[in-house]
There are 2 protein chains.
Amino acid sequence: MGNELAILFTRSTTDRERWSLPWKAAQSGEALDVAATRIAQDALGEPPTWIEQIGAFADGKRHPGEADISVAFVGLAPHETASPRPGNTWFPVGDLPPLSPRQRSMVEGATRTIQARLDQAPIAFRLLPPMFTLSELQQLYELLLGKRLHKASFRRALQAAWLVEPTDEWRSEGRGRPAQLYRYAPKKRRRGQRGVRFDLLHP
Amino acid sequence: MGNELAILFTRSTTDRERWSLPWKAAQSGEALDVAATRIAQDALGEPPTWIEQIGAFADGKRHPGEADISVAFVGLAPHETASPRPGNTWFPVGDLPPLSPRQRSMVEGATRTIQARLDQAPIAFRLLPPMFTLSELQQLYELLLGKRLHKASFRRALQAAWLVEPTDEWRSEGRGRPAQLYRYAPKKRRRGQRGVRFDLLHP
DNA sequence: TGACTTTAGTCACAAAAGGTGACTAATTCG
DNA sequence: CGAATTAGTCACCTTTTGTGACTAAAGTCA
């Protein structure tokens, strides 16, 4: 499995020694999420599998005299299939390059957005191949949440959420018992059923 | 107690028959939340007691040829003390005037933002006077969440959250037993303690 | 081969949180 | 006074969570 969460940075256009989040000026007549997807694709080599707006950022300090608003988005993409364009590099979260205050806020907002969506939308499944083991899924949740989860609790919550179904295939991963493969197959929510709340699961 | 949730609208600048959310063009060199507070105050007569960004909205359809991005905020203010400026009127949610799709999205986003914050931040207390009864507090939560809560559950959750403390005053409200007055007095969160999640409380 | 290690998958029990009705208390109204 | 009304609390049950321990199926290695 992939082993860490990383953010894609681009060399700054003004100072080639520095790194910045990939960005471009908005084009007129284009929806914001479409623009964000395009910008991400330009840096990443492919479109992210999920994208969501974080919000608008402006501190009123940069570029005095002109309205300077940045609308930030988070996206996710699996490491494996991505092939970043030249000038773009992954930095592990927790070992980021020096950033402006505004960009730091954006990174922080990205983390919050991911963790808030994680139990409301199936974003984790978009980072996995069509068939996966429950251990892989759990490791992915742990990666995105930044904390360990307890195996039994995780699986129980997963069952309650009706998000996956087992296939009849198994995968042997070297040592240890082979794991059953599952696929993402959400069932209709039963009325009044609550969300998954993996985010609360304890180690 | 106040009895319903309402949104403040302004007469549209282009079509005086229509209503729109209060807005103004951004001023340069001003932080977004400061601008939003100013705009709200201009319509409301006083600053809201809480404000938070909803996000940036743009459909790429209006004002072709110029980048047209709206950054929306939600704010809350108690009915009682507000004195809207002329040309501004409250509309109860659930009986809103006709709106553009974009403004409808904003209203929807406002509701979601309020309900998401409600159990994470003490925004409800900013709509109440320094001393209040638990029934008033519960009615306010019901207003903001748009659903009834069960009295015993509500109070149990409130206790667990260590947000209020009783005073030694009581208030008689006409008929019925007098209610004890409480004040907002959050205690330090104990490590690992979870949020309040009033939002899940059942009728 | 057989003991040991490693990973998967499940269970069962305790603890915590949540849903709900019913009860007691203190007022006003008539 | 008794009925009605609102506040405040309890008790009991159900559901959800936290957690350790157990069984299963592979590989490793002497």
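This is a predicted model: local features need pLDDT of at least 70, side-chain atom pairs count only at pLDDT 80 or more; totals for chains, interfaces and linings use all residues.
## Helix α2 of chain A

Helix α2 of chain A covers residues 101-117, which makes 17 residues. From its first C-alpha to its last, helix α2(A) reaches 24 Å, close to the 24 Å expected at 1.5 Å a residue.

The buried residues of α2(A) are Q103(A), M106(A), A110(A) and I114(A). They lie on the same side of α2(A), because the arc they cover around the axis is only 70 degrees. The other side of α2(A) carries exposed residues, with P101(A), R104(A), E108(A) and R112(A) found there. If you want to see what covers the buried residues, look in chain A for β2 (19-20), β3 (50-57), β4 (70-76) and α3 (134-145), which are included in that cover.

## The sheet β2-β1-β5 in each chain

In chain A, an open sheet of 3 strands runs in the order β2-β1-β5, and its pairing is antiparallel. Strands β2 and β5 (88-92) of chain A form the edges, each of them pairing on one side only. Strand β1 of chain A, residues 6-11, is joined to β5(A) by 5 bridges in the antiparallel sense. To find your place in this pairing, look for F9(A), which stands opposite T89(A) in β5(A).

Chain B also has an open sheet of 3 strands, with antiparallel pairing and the order β2-β1-β5. Its edge strands are β2 and β5 (88-92) of chain B, and each pairs on one side only. Here β1(B) and β2(B) pair in the antiparallel sense over 2 bridges, and T10(B) stands opposite S20(B) in β2(B).

The loop between β1 (6-11) and β2 (19-20) of chain B holds R16(B). This arginine counts as exposed because it has 9 C-beta neighbours inside 10 Å, and the cut-off for exposed is 12 or fewer. R16(B) is 108 residues from A124(B) in sequence, and their C-alpha atoms are 34 Å apart in space.

## Strands β6, β7 and β8 of chain A

Strand β8(A) has pairings with both β6(A) and β7(A). Strand β6 of chain A, residues 131-133, runs antiparallel to β8(A), and 3 bridges join them. Within β8(A), R183(A) is the residue that M131(A) stands opposite.

Strand β7 of chain A, residues 164-171, pairs with β8(A) over 5 bridges, again in the antiparallel sense. A handy landmark is R171(A), whose bridge partner in β8(A) is A179(A).

## W162 in both chains

W162(A) sits in the loop between α4 and β7 of chain A. Its phi is near 55 degrees, a positive value in a residue other than glycine. W162(A) counts as partly exposed because 15 C-beta neighbours lie inside 10 Å.

In chain B, W162(B) is found in the loop between α4 and β7 (164-171). Phi of W162(B) is near 55 degrees, a positive value in a residue that is not glycine. With 15 C-beta neighbours inside 10 Å, W162(B) counts as partly exposed.

## Around the DNA strands

Now for the DNA. DNA strand C is surrounded by 26 residues, the closest being S135(A), A152(A), G176(A), Q180(A) and R177(B). The surface near DNA strand C draws at least two residues each from α3, α4 (151-161) and β8 (179-184) of chain A and from α4 (151-161) of chain B. By class, the residues near DNA strand C are 9 nonpolar, 10 polar and 7 charged.

Around DNA strand D there are 28 residues, and R177(A), S135(B), A152(B), G176(B) and Q180(B) come nearest. Here α4 of chain A and, from chain B, α3 (134-145), α4 and β8 (179-184) each supply at least two residues of the surface. Which element gives the largest share of the surface near DNA strand D? That is α4(A), with 4 residues. The surface near DNA strand D divides into 9 nonpolar, 10 polar and 9 charged residues.

How values were computed: Residues are numbered from 1 along each chain as its sequence is written. Chains are lettered from A and ligands numbered from 1 in the order in which they are written. The expected span of a helix is 1.5 Å times one less than its number of residues. A residue is buried if 20 or more other C-beta atoms lie within 10 Å of its own, exposed if 12 or fewer, and partly exposed in between; C-beta atoms are placed from the backbone. The arc is that of the directions from the helix axis to the C-beta atoms. Two residues are in contact if their C-beta atoms, placed from the backbone, lie within 7 Å. A residue is near a molecule or strand if its C-beta atom, placed from the backbone, lies within 6 Å of it. Ala, Val, Leu, Ile, Met, Phe, Trp, Tyr, Cys and Pro count as nonpolar, Asp, Glu, Lys and Arg as charged, and the others, Gly among them, as polar. Two strands pair if DSSP finds at least two bridges between them.
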